[in-house]
Amino acid sequence: MSPMMRGTTDNGLLLPVPDADGEPFWTYAARGELRIQSCADCGGLRFPPRPCCPRCQSFATEWRLMSGRGHIWSYVRPHPPLLPGYAEQAPYNVVLVQLADAPGIRLVGNPVSAPDAALDSVDPALLRVGAPVRAVFAEIAPGVTVPRWLLERP
Amino acid sequence: MTATLKDTTAIVGIGQTPFARQLDPPEKTLACQAILAALDDAGIAPSEVDAFASYTMEETDEVEVAKAVGAGDVTFFSRIGYGGGGSCATVAHLAAAITTGQATVGVAWRSRKRGSGPRPWRDTRAQLPTPAQWTRPYGLLRPVDEIAMLARRYMHEYGATRDHFFNVALACRNRAAQNPAAIMHGRPLTREAYMSARWISEPLCLFDNCLETDGALACVVVAAERARDLRQRPVYVHSAAQGLPSQHHGMVNYWTDDPLAGPSWTAARQLWKAADFGPSDVHVAQIYDAFTTLIPLSLEGYGFCGRGEGAAFTEDGALELGGRLPLNTGGGGLSEAYVHGFNLINEGVRQLRGTSTAQVPGAATCLVTAGEGVPTSALLLRS
């Protein structure tokens with residue numbers, strides 16, 4: 001069974017299951033672009049993606065390119081019991097990154113020492129609220145790419 | 001004159017099964033046991049029941065329950081979503097139905113085998129409801145991982161410490177010690193045990209998490225007029241509210257301007273607006289405690305202290321018997337049982353009847369809340 005059909009990477013990490021609203025995010029990510037949905041009428045950014053603008057109710061949308069820079073708003077370190085693929089790398093690091101270009105839009109992700117490195121590849125002592133990070137991209141299964149985060153000054 | 005729910009209905013019966021990590025009977029059987037116990041407590045025949053309310057996550061539906069326990073013709077039924085956020089709304093929906101003449105005797109219930117049953121987040125095939133595409137691939141798998149993110153930020157922003165979370169865990173454990181029905185009865189908690197416990201999701205440890213529990217509970221709601229003639233002292237539904245804030249996202253409320261102000265704030269505004277008294281008049285509180293972090297957040301949301309002051313509020317024994325706000329006097333989800341918060345409703349009733357195992361002397365008002373961090377609900381009860 002292919003990783004896509006299984007819903008996981010070869011090492012057991014869950015693959016995102018996009019819906020119609022979220023699909024463009026993942027398509028752009030596969031090109032190495034971090035883009036956030038915005039209203040084509042009033043320009044307001046919104047996340048997670050949705051059919052219409054909560055401010056002006058317009059259905060006209062575009063996807064705005066972000067710089068990929070941000071800072072850690074919060075972080076956690078899960079320990080087992082976890083799904084097997086995650087338990088193998090546990091305890092690992094998960095961060096919530098507030099985007100520099102769009103305060104209030106925060107992306108969950110993993111801080112890593114290199115795009116393809118393991119979820120536990122950063123020393124947790126280096127993590128702190130406010131630490132600057134930048135986006136990189138990792139193809140975790142054929143055709144599936146997720147943003148990950150490098151510490152700017154590790 | 002505007003219609004009101006204020007004191008128009010009362011909880012007149014409560015019932016529950018034993019609580020344990022593992023119970024043999026199926027959920028349907030447990031549900032029926034709790035419901036019949038509550039009706040027996042009220043002194044009302046099952047054939048008089050004409051309304052039911054439970055959670056959307058309840059496995060046994062009202063058709064099965066009604067025919068099993070021998071209910072009469074049912075003219076109102078309702079299900080409330082968002083897991084533990086639904087607990088208090090079950091009573092609120094029954095109160096509204098009875099007050100508006102849609103029914104006369106209502107039963108709310110919750111039956112759950114979470115201790116021995118499956119955990120949804122473990123199933124990779126049924127994984128990933130749509131919003132989870134933004135969180136679970138990165139390993140934010142369980143509710144505790146989602147709340148730990150808010151806990152860390154709360155600690156950073158307001159100087160909350162693990163000792164504050166310990167205060168919450170300890171208050172619940174101390175009350176469980178007084179409650180023979182509690183899973184943690186006879187198992188005291190020490191600061192040393194808390195601080196050296198294994199991590200579940202840093203910064204939250206084992207004792208920051210509720211118990212995996214099998215069990216069921218139920219309560220009976222009737223009009224205030226009828227309540228006065230029954231065998232138990234009525235516990236009046238003084239005010240009720242639900243809360244789904246603007247731009248809320250559920251457990252992962254990370255994308256609002258203010259992720260640390262959750263649904264409690266929205267429910268609280270409506271709850272107090274419809275009440276004759278305020279937070280300083282609450283004698284005892286049953287606040288939803290799936291995780292210790294939810295307590296300081298809820299204390300702020302429901303107005304017991306200012307923004308950012310919830311952690312400090314827990315100091316100096318404030319949550320213990322004799323403190324400023326005795327909390328979760330049956331032991332709560334952290335130490336009595338985690339049945340999606342329904343045990344908090346029944347414990348609120350016991351306090352206002354004067355029959356709690358950790359009785360607050362003269363308690364006449366009680367706040368009960370449902371899950372913070374998800375669309376929620378709350379009740380103000382009074383004797």
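B:Thr17 sits in the loop that runs between strand E1 (9–16) and helix H1 (27–42) of chain B; helices (H or I, at least four residues) and strands (E, at least two) are DSSP runs, numbered from the N terminus. The structure is a predicted model, in which local features need pLDDT of at least 70 and side-chain atom pairs count only at pLDDT 80 or more, while totals for chains, interfaces and linings use all residues. Residues are numbered from 1 along each chain as its sequence is written, chains are lettered from A and ligands numbered from 1 in the order in which they are written, and side-chain values use heavy atoms, with hydrogens and water left out.

With a relative accessibility of 5%, B:Thr17 counts as buried. Buried means under 20% relative accessible area, exposed means over 50%, and partly exposed is in between (1.4 Å probe, protein chains only). Leaving aside residues up to four places away in sequence, B:Thr17 touches B:Leu23, B:Leu30, B:Gln33, B:Ala34, B:Gly215 and B:Ala216, where contact means heavy atoms within 4.5 Å.

## A hairpin in chain A

Strand E4 (residues 94–99) of chain A pairs with E5(A) in the antiparallel sense, over four bridges; two strands pair if DSSP finds at least two bridges between them. A:Leu96 has A:Val108 as its bridge partner in E5(A). E4(A) and E5(A) form a hairpin with six residues between them, and A:Gly104 in the turn has a positive phi of about 100°.

Strand E5 (residues 106–109) of chain A is covered on both faces. A:Arg106 and A:Val108 are buried on one side, as are A:Leu107 and A:Gly109 on the other.

## Backbone exceptions

Most residues other than glycine have a negative phi, and most peptide bonds are trans. A:Gln57 has a positive phi of about 65° although it is not a glycine. This residue lies in the loop between E1 and E2 of chain A and is partly exposed, at a relative accessible area of 48%. B:Gln247, also not a glycine, has a positive phi of about 60°; its place is in the loop between strand E8 (235–243) and helix H8 (263–273) of chain B. B:Gln247 is partly exposed, at 37% relative accessibility.

Cis peptide bonds occur from A:Phe47 to A:Pro48, with omega near -5°, and from A:Ala90 to A:Pro91, with omega near -10°. A:Pro48 is in the loop between strand E1 (35–39) and strand E2 (61–65) of chain A, whereas A:Pro91 is in the loop between helix H3 (84–87) and E4 of chain A.

## Cysteines

A disulfide is a pair of cysteine sulfur atoms within 2.5 Å, and by this rule the count over all chains is zero. The cysteine sulfur closest to that of A:Cys42 belongs to A:Cys53 and is 3.7 Å away, too far for a bond. A:Cys42 is partly exposed, with a relative accessible area of 40%.

B:Cys305 is likewise in no disulfide, as the nearest cysteine sulfur, that of B:Cys172, is 16 Å away. B:Cys305 is buried, with a relative accessible area of 15%.
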